[in-house]
Amino acid sequence: MSEKISVLITEEEVERRIKEIGAKISRDYAGKELHLICVLKGGVFFTCELAKRITVPVSLDFMSVSSYGDDTKSSGVVRIVKDLDQPLEGKDVMIVEDIIDSGRTLSYLIKVLKGRNPDSLRLCTLLDKPDRRVKEVKVDYCCFEIPDEFVVGYGLDYAQKYRNLPFIGVVESR
Ligand SMILES: O=P(O)(O)OC[C@H]1O[C@H](OP(=O)(O)OP(=O)(O)O)[C@H](O)[C@@H]1O
Ligand SMILES: Nc1nc2[nH]cnc2c(=O)[nH]1
């Protein structure tokens, strides 16, 4: 079955905003190098587009995490499925995510990665749903705050589909 999807944020708006955030990050990190951590799978499209807009030297690493089913959603326990390849010690690190919802994933990840002694650790997200927050998370860079709707596209899936949409859409019928 295919779902009806309406456009929430157009491709042009997403691209324009990523350029803006990339320029801001480049100014904020002038004279430094930046180590981007892409949180798979959703973060991959945003990470690539953002990295292209950052003008300071960038290195990349990838991580995959998953919740332990419904119980985790309340316990906030997150499992590392694929860990980083490189250490973080002495690096200026930025976690790059597609969306922050309850905040459970990111609050866990930030705690774990801080323990690896980076020089600095910040968070950049494409989308933020502040109304859904259960765990407080400091968001350093955010492209768009959105209402509490289930969105797809630009890395975000519905049953593993629609990650490749070049815009942010809302699934009307699920
Ligand atoms: O703030 P939270 O409520 O913790 O939700 C945010 C998390 O959910 C999404 O990942 P998802 O579990 O859908 O994995 P995916 O990126 O592999 O699709 C997103 O990429 C965040 O990691
Ligand atoms: N695809 C998708 N994944 C999410 N994870 C948390 N919120 C969302 C959402 O709105 N869409």
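The shell around ligand 1 divides into five nonpolar, four polar and six charged residues. Here Ala, Val, Leu, Ile, Met, Phe, Trp, Tyr, Cys and Pro count as nonpolar, Asp, Glu, Lys and Arg as charged, and the others, Gly among them, as polar. A residue is near a molecule or strand if its C-beta atom, placed from the backbone, lies within 6 Å of it. Of the 15 residues around ligand 1, those that come nearest are K41, G42, D101, S102 and T105. At least two residues of this shell are supplied by each of β2 (34-40), β5 (92-100) and α4 (104-114). The largest share, four residues, is that of β5. Helices (H or I, at least four residues) and strands (E, at least two) are DSSP runs, numbered from the N terminus.

This is a predicted model, in which local features need pLDDT of at least 70 and side-chain atom pairs count only at pLDDT 80 or more, while totals for chains, interfaces and linings use all residues. Residues are numbered from 1 along each chain as its sequence is written, and chains are lettered from A and ligands numbered from 1 in the order in which they are written.

Ligand 2 has a shell made up of I99, D101, F150, V151, V152, L156, D157 and Y158. By class, six of these residues are nonpolar and two are charged, with no polar residue.

The chain as a whole contains four helices and nine strands. Along the sequence they follow the pattern β-α-β-α-β-α-β-β-α-β-β-β-β. The radius of gyration, taken over C-alpha atoms, is 16 Å, close to the 16 Å that the globule rule gives for 174 residues, so the chain is as compact as a globular protein of that length. That rule is 2.2 Å times the number of residues to the power 0.38. Along the principal axes, the C-alpha atoms fill a box of roughly 50 × 40 × 25 Å. Two residues are in contact if their C-beta atoms, placed from the backbone, lie within 7 Å. Among contacts between residues at least 6 apart in sequence, 67% join residues at least 24 apart.

A residue is buried if 20 or more other C-beta atoms lie within 10 Å of its own, exposed if 12 or fewer, and partly exposed in between. By this count 29% of the 174 residues are buried. Eight of the nine residues of β5 are buried, so this strand is largely enclosed by the rest of the structure.

Strands pair if DSSP finds at least two bridges between them. β5 runs parallel to β2, with four bridges between them, and L36 stands opposite M94 in β5. β5 is also joined to β6 (120-128) by eight bridges, again in the parallel sense. There, I95 has L123 in β6 as its bridge partner.

A nonpolar core is a set of buried Ala, Val, Leu, Ile, Met, Phe, Trp, Tyr and Cys residues joined through C-beta atoms within 7 Å. The largest such core has 35 residues, of which I37, M94, I95, V96, L127 and Y154 touch the most other members. Two or more residues each come from β1, α1 (11-28), β2, α2 (43-52), β5, α4, β6 and β8. The greatest contribution, six residues, is made by β5. Leaving aside neighbours within four places in sequence, I37 is in contact with D61, M63, L84, V93, M94, I95 and V96.

A separate group of strands remains to be traced. Three strands form an open sheet in the order β1-β9-β8, with antiparallel pairing. Its edge strands are β1 and β8, each pairing on one side only. Strand β1 (residues 5-9) is joined to β9 (residues 168-171) by four bridges. I5 has V171 as its bridge partner, and V7 stands opposite G169. On the other pairing, β8 (residues 151-152) and β9 share two bridges, and V152 is the bridge partner of G169.
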